[in-house]
Amino acid sequence: MTLALVAAFWAVSILFVITPGVDWAYAISAGMRGRVVLPAVAGLLLGHLMAILIVAAGVGALVAGHPVALTLLTLIGAAYLLWLGIQLLMHPATPDAGKELGPGAWHHWTLKGICVSGLNPKVFLLFLALLPQFTDPTAPWSVQTQIIALGLVHVVSCGLVYLLVGYGAQTILTTRPRAARRVSQLSGAAMIAIAALLFVDQVIA
(Lines give C-alpha, C1' and ligand atoms only; values in the text may rest on other atoms or scores of the structure.)
Protein backbone atom coordinates (compact mmCIF):
# COMPACT_ATOMS: atom_id res chain seq x y z
CA MET A 1 0.00 0.00 0.00
CA THR A 2 1.69 3.18 -1.22
CA LEU A 3 1.54 6.65 0.28
CA ALA A 4 -0.19 7.87 -2.87
CA LEU A 5 -2.97 5.32 -2.34
CA VAL A 6 -3.41 6.42 1.28
CA ALA A 7 -3.51 10.07 0.21
CA ALA A 8 -6.12 9.29 -2.45
CA PHE A 9 -8.27 7.51 0.12
CA TRP A 10 -7.93 10.40 2.58
CA ALA A 11 -9.00 12.90 -0.10
CA VAL A 12 -12.22 10.94 -0.64
CA SER A 13 -12.73 10.16 3.03
CA ILE A 14 -12.41 13.76 4.23
CA LEU A 15 -15.23 14.82 1.90
CA PHE A 16 -17.58 12.52 3.78
CA VAL A 17 -16.24 13.64 7.16
CA ILE A 18 -16.76 17.38 6.52
CA THR A 19 -20.29 16.84 5.20
CA PRO A 20 -22.77 17.64 8.01
CA GLY A 21 -24.85 14.68 9.07
CA VAL A 22 -25.90 12.68 12.12
CA ASP A 23 -22.39 12.67 13.61
CA TRP A 24 -22.18 16.45 13.30
CA ALA A 25 -25.58 16.85 14.92
CA TYR A 26 -24.51 14.66 17.83
CA ALA A 27 -21.19 16.51 18.27
CA ILE A 28 -23.00 19.87 18.26
CA SER A 29 -25.49 18.60 20.84
CA ALA A 30 -22.61 17.42 23.05
CA GLY A 31 -20.86 20.77 22.65
CA MET A 32 -23.86 22.59 24.03
CA ARG A 33 -23.98 20.27 27.05
CA GLY A 34 -20.56 21.42 28.20
CA ARG A 35 -17.98 18.89 29.33
CA VAL A 36 -19.10 15.89 27.27
CA VAL A 37 -17.54 16.65 23.88
CA LEU A 38 -14.64 14.24 24.42
CA PRO A 39 -16.74 11.22 25.50
CA ALA A 40 -19.32 11.93 22.79
CA VAL A 41 -16.67 12.09 20.05
CA ALA A 42 -14.92 9.03 21.51
CA GLY A 43 -18.19 7.14 21.21
CA LEU A 44 -18.63 8.21 17.58
CA LEU A 45 -15.09 7.07 16.76
CA LEU A 46 -15.59 3.73 18.49
CA GLY A 47 -18.71 3.19 16.38
CA HIS A 48 -16.75 3.92 13.20
CA LEU A 49 -13.93 1.62 14.33
CA MET A 50 -16.42 -1.15 15.03
CA ALA A 51 -17.81 -0.84 11.49
CA ILE A 52 -14.27 -0.88 10.05
CA LEU A 53 -13.36 -4.06 11.92
CA ILE A 54 -16.57 -5.72 10.74
CA VAL A 55 -15.74 -4.90 7.12
CA ALA A 56 -12.11 -6.02 7.55
CA ALA A 57 -13.24 -9.33 9.03
CA GLY A 58 -15.39 -9.99 5.97
CA VAL A 59 -18.61 -9.91 7.97
CA GLY A 60 -19.61 -6.75 6.14
CA ALA A 61 -19.78 -8.47 2.76
CA LEU A 62 -21.68 -11.35 4.34
CA VAL A 63 -24.31 -9.03 5.84
CA ALA A 64 -24.57 -6.97 2.66
CA GLY A 65 -25.24 -10.17 0.74
CA HIS A 66 -28.26 -10.98 2.92
CA PRO A 67 -31.04 -8.41 2.34
CA VAL A 68 -32.96 -9.39 5.48
CA ALA A 69 -29.97 -8.77 7.75
CA LEU A 70 -29.19 -5.46 6.05
CA THR A 71 -32.83 -4.37 6.28
CA LEU A 72 -32.91 -5.22 9.99
CA LEU A 73 -29.72 -3.22 10.61
CA THR A 74 -31.15 -0.26 8.72
CA LEU A 75 -34.46 -0.32 10.61
CA ILE A 76 -32.73 -0.55 14.00
CA GLY A 77 -30.43 2.33 13.11
CA ALA A 78 -33.29 4.43 11.77
CA ALA A 79 -35.40 3.79 14.86
CA TYR A 80 -32.56 4.86 17.14
CA LEU A 81 -31.90 8.04 15.14
CA LEU A 82 -35.62 8.81 15.22
CA TRP A 83 -35.68 8.43 19.00
CA LEU A 84 -32.64 10.68 19.43
CA GLY A 85 -34.12 13.31 17.13
CA ILE A 86 -37.42 13.37 19.00
CA GLN A 87 -35.55 13.70 22.30
CA LEU A 88 -33.60 16.70 20.98
CA LEU A 89 -36.78 18.35 19.74
CA MET A 90 -38.59 17.82 23.02
CA HIS A 91 -35.60 18.61 25.24
CA PRO A 92 -33.21 20.84 23.25
CA ALA A 93 -29.73 21.29 24.66
CA THR A 94 -28.91 24.55 26.39
CA PRO A 95 -25.44 25.96 27.17
CA ASP A 96 -25.93 25.75 30.95
CA ALA A 97 -27.08 22.13 30.91
CA GLY A 98 -23.53 20.94 31.55
CA LYS A 99 -23.76 22.20 35.15
CA GLU A 100 -26.21 19.42 35.95
CA LEU A 101 -24.10 16.56 34.60
CA GLY A 102 -23.50 13.68 36.98
CA PRO A 103 -20.49 11.35 37.19
CA GLY A 104 -22.11 8.86 34.78
CA ALA A 105 -22.53 11.42 32.01
CA TRP A 106 -19.28 10.46 30.28
CA HIS A 107 -20.30 6.81 29.95
CA HIS A 108 -23.78 7.82 28.83
CA TRP A 109 -22.52 10.09 26.04
CA THR A 110 -19.88 7.59 24.93
CA LEU A 111 -22.45 4.80 24.65
CA LYS A 112 -24.85 7.05 22.75
CA GLY A 113 -22.04 8.01 20.39
CA ILE A 114 -21.25 4.37 19.68
CA CYS A 115 -24.91 3.75 18.86
CA VAL A 116 -25.22 6.88 16.69
CA SER A 117 -22.37 5.89 14.38
CA GLY A 118 -22.33 2.13 14.92
CA LEU A 119 -26.04 1.71 14.13
CA ASN A 120 -25.92 4.05 11.15
CA PRO A 121 -26.16 1.74 8.12
CA LYS A 122 -24.82 4.51 5.89
CA VAL A 123 -21.48 4.36 7.75
CA PHE A 124 -21.35 0.59 7.37
CA LEU A 125 -22.19 0.68 3.65
CA LEU A 126 -19.72 3.52 3.07
CA PHE A 127 -16.86 1.46 4.46
CA LEU A 128 -18.02 -1.62 2.59
CA ALA A 129 -18.03 0.25 -0.73
CA LEU A 130 -15.05 2.54 -0.17
CA LEU A 131 -12.31 0.77 1.79
CA PRO A 132 -11.71 -2.26 -0.47
CA GLN A 133 -11.26 -0.01 -3.52
CA PHE A 134 -8.10 1.49 -2.05
CA THR A 135 -6.40 -1.78 -1.15
CA ASP A 136 -3.64 -3.47 -3.16
CA PRO A 137 -3.79 -7.30 -3.28
CA THR A 138 -0.10 -7.40 -4.28
CA ALA A 139 1.09 -5.32 -1.31
CA PRO A 140 3.11 -6.93 1.52
CA TRP A 141 0.24 -6.19 3.94
CA SER A 142 -2.88 -8.35 3.77
CA VAL A 143 -6.06 -6.76 2.44
CA GLN A 144 -7.60 -6.93 5.93
CA THR A 145 -4.62 -5.09 7.43
CA GLN A 146 -4.81 -2.44 4.71
CA ILE A 147 -8.52 -1.93 5.37
CA ILE A 148 -7.83 -1.42 9.08
CA ALA A 149 -4.98 1.00 8.34
CA LEU A 150 -7.12 3.06 5.96
CA GLY A 151 -9.96 2.94 8.46
CA LEU A 152 -7.69 4.38 11.13
CA VAL A 153 -6.83 7.26 8.79
CA HIS A 154 -10.54 7.91 8.45
CA VAL A 155 -11.07 7.70 12.22
CA VAL A 156 -8.31 10.25 12.87
CA SER A 157 -9.91 12.65 10.38
CA CYS A 158 -13.29 12.13 12.03
CA GLY A 159 -11.82 12.81 15.46
CA LEU A 160 -10.24 16.11 14.43
CA VAL A 161 -13.34 17.38 12.61
CA TYR A 162 -15.85 16.27 15.24
CA LEU A 163 -13.81 17.81 18.05
CA LEU A 164 -13.69 21.10 16.13
CA VAL A 165 -17.45 20.92 15.56
CA GLY A 166 -18.22 20.07 19.19
CA TYR A 167 -15.93 22.62 20.80
CA GLY A 168 -16.84 25.18 18.16
CA ALA A 169 -20.51 24.80 19.06
CA GLN A 170 -19.64 25.11 22.73
CA THR A 171 -17.61 28.30 22.19
CA ILE A 172 -20.00 30.03 19.82
CA LEU A 173 -23.30 29.10 21.49
CA THR A 174 -22.36 29.30 25.18
CA THR A 175 -23.49 32.91 25.46
CA ARG A 176 -26.40 32.53 23.05
CA PRO A 177 -29.06 30.36 24.73
CA ARG A 178 -31.75 31.12 22.16
CA ALA A 179 -29.46 30.26 19.25
CA ALA A 180 -28.28 27.14 21.08
CA ARG A 181 -31.87 26.00 21.48
CA ARG A 182 -32.57 26.53 17.77
CA VAL A 183 -29.42 24.70 16.70
CA SER A 184 -30.28 21.81 19.01
CA GLN A 185 -33.76 21.60 17.52
CA LEU A 186 -32.29 21.69 14.00
CA SER A 187 -29.96 18.85 14.97
CA GLY A 188 -32.96 16.86 16.19
CA ALA A 189 -34.86 17.62 13.00
CA ALA A 190 -31.87 16.47 10.92
CA MET A 191 -31.77 13.16 12.79
CA ILE A 192 -35.50 12.66 12.25
CA ALA A 193 -35.17 13.50 8.54
CA ILE A 194 -32.33 11.01 8.07
CA ALA A 195 -34.27 8.34 9.95
CA ALA A 196 -37.31 9.01 7.74
CA LEU A 197 -35.17 8.67 4.59
CA LEU A 198 -33.83 5.35 5.83
CA PHE A 199 -37.35 4.09 6.46
CA VAL A 200 -38.50 5.30 3.02
CA ASP A 201 -35.55 3.57 1.34
CA GLN A 202 -36.63 0.30 2.89
CA VAL A 203 -40.25 0.75 1.81
CA ILE A 204 -39.25 1.59 -1.77
CA ALA A 205 -36.77 -1.28 -1.87
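At what angle do helix 3 and helix 7 pack, and how far apart are their axes? In this predicted model, helix 3 (residues 37-56) packs against helix 7 (residues 121-130) at about 45°, with 9 Å between the axes.

## Basis of the description

The model is predicted, so local features need pLDDT of at least 70 and side-chain atom pairs count only at pLDDT 80 or more, while totals for chains, interfaces and linings use all residues. Residues are numbered from 1 along each chain as its sequence is written, and side-chain values use heavy atoms, with hydrogens and water left out.

## Overall architecture

The protein chain contains 9 helices and 0 strands; from the N terminus on, its elements run α-α-α-α-α-α-α-α-α. Helices (H or I, at least four residues) and strands (E, at least two) are DSSP runs, numbered from the N terminus.

Of the 205 residues in the protein chain, 42% count as buried. Buried means under 20% relative accessible area, exposed over 50%, and partly exposed in between (1.4 Å probe, protein chains only). Among contacts in the protein chain with a separation of 6 or more, 88% come from residues 24 or more positions apart; contact means heavy atoms within 4.5 Å.

## Helix 3 and helix 7

Two packed helices are described by the angle between their axes and the distance between the axes. Axes are lines fitted to C-alpha atoms, for helices over the stretch in contact, and angles run from 0 to 180 degrees between N-to-C directions. Helix 3 and helix 7 are therefore oblique to each other. Angles under 35 degrees count as roughly parallel, over 145 as roughly antiparallel, 65 to 115 as roughly perpendicular and the rest as oblique.

Helix 3 contributes His48, Ala51, Ile52, Ile54 and Val55 to the contact, and helix 7 contributes Val123, Phe124, Phe127 and Leu128. By class, the contact of helix 3 with helix 7 comprises 8 nonpolar, 1 polar and no charged residues. Ala, Val, Leu, Ile, Met, Phe, Trp, Tyr, Cys and Pro count as nonpolar, Asp, Glu, Lys and Arg as charged, and the others, Gly among them, as polar.

## Helix 2 and helix 3

Helix 2 (residues 22-33) packs with helix 3 at an angle of about 160°, their axes being 8 Å apart. That makes helix 2 roughly antiparallel to helix 3. The crossing of helix 2 and helix 3 is right-handed. Asp23, Tyr26, Ala30 and Gly31 of helix 2 meet Val37, Ala40, Leu44 and His48 of helix 3. The residues of this contact between helix 2 and helix 3 divide into 5 nonpolar, 2 polar and 1 charged.

## Individual helices and residues

Helix 3 has 20 residues and reaches 28 Å from its first C-alpha to its last, close to the 28 Å expected at 1.5 Å a residue. The expected span of a helix is 1.5 Å times one less than its number of residues. Gly58, whose phi is positive, near 90°, follows helix 3.

Ala25 lies in helix 2 and counts as buried at 5% relative accessibility. Not counting residues up to four places away in sequence, Ala25 touches Ser187 and Met191. Pro121 is found in helix 7 and counts as buried at 1% relative accessibility.

Notes:
Left-handed = near helix turned anticlockwise from the far one by under 90°.
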